[in-house]
Amino acid sequence: MRLLLATLLFCFSTLVSAAETRFDSLYFFQSEETMQAKGITIENLGRYSRKLQSAIYRSLKAAKLPPSSGYLIVAIRSDGAVTSWLDMKPAVHEFYDNQIYDVVQKLPVMDIKTGIFVFAIKMSIETPVFTKKPVPEPADWVDAKKKLNNPNDIEQLVFSVWPE
């Protein structure tokens, strides 16, 4: 009987832990050579990414959100300014979108030598299933791409939609 109870408690704790904010692979908008020119190393990106994931996890830990999956996109300028976008389906409520944005704003950023460094992290909320979408593309990026001479230039795109 104790073994059955312990097994049930273990299964329940596993189910409870599945309903959290989870992160998966990184997506890079820029080539490895471009990232190296900007001073991005595996070590500093790894440290920043872990701190970012932990801070977002803690900020949403007590929230009750419907299941959603997609990407968190982060852009860091060489002057230290940072911004973020969510590309989640279904969309995360504006309150929590702003909460994630605030977490990104408050976290110390990596040093970028020049220009803008842009990357994304696969993210899921309240589901263990990650998006199958191969490339992150927030809604405001779609409109901005239509207005650019070179819509594939990620730095130009991000600069055009940077919130001021």
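## Surface and overall composition

The protein has an accessible surface of about 9800 Å², and 58% of this belongs to carbon and sulfur atoms; areas come from the Shrake-Rupley method with a 1.4 Å probe, and for residues only the protein chains shown count as cover. This is a predicted model, in which local features need pLDDT of at least 70 and side-chain atom pairs count only at pLDDT 80 or more, while totals for chains, interfaces and linings use all residues. Residues are numbered from 1 along each chain as its sequence is written, and side-chain values use heavy atoms, with hydrogens and water left out.

Of the 164 residues, 42% count as buried (under 20% relative accessible area, with a 1.4 Å probe and protein chains only). Among contacts (heavy atoms within 4.5 Å) between residues at least 6 apart in sequence, 74% join residues at least 24 apart.

## Order of elements

Six helices and four strands make up the secondary structure, taken as DSSP runs numbered from the N terminus (helices H or I, at least four residues; strands E, at least two). From the N terminus on, the elements follow the order α-β-α-α-β-β-α-β-α-α.

The four strands form an open sheet in the order 1-4-2-3, with antiparallel pairing; two strands pair if DSSP finds at least two bridges between them. Strand 1 (21–28) and strand 3 (82–89) are the edge strands, each pairing on one side only. From one strand to the next, the twist averages 25° (axes are lines fitted to C-alpha atoms, for helices over the stretch in contact, and angles run from 0 to 180 degrees between N-to-C directions).

Strand 2 (residues 68–77) is joined to strand 3 by eight bridges, and Tyr71 stands opposite Asp87 in strand 3. Helix 6 (residues 154–161) packs on the sheet, where it touches strand 2, strand 3 and strand 4 (116–125); the direction of helix 6 makes about 75° with that of strand 4.

## Thr83

Thr83 lies in strand 3 and is buried, with a relative accessible area of 1%. Leaving aside residues up to four places away in sequence, Thr83 touches Ile73, Val74, Ala75, Tyr101, Val104, Gln105, Trp162 and Pro163.

## Packing of helices 3 and 4

Helix 3 (residues 42–60) packs against helix 4 (residues 94–106) at an angle of about 140°, and their axes are 10 Å apart. Helix 3 contributes Tyr48, Leu52, Ala55, Ile56, Ser59 and Leu60 to the contact, and helix 4 contributes Tyr96, Gln99, Ile100, Val103 and Val104.

Terms used: Buried means under 20% relative accessible area, exposed over 50%, partly exposed in between (1.4 Å probe, protein chains only).
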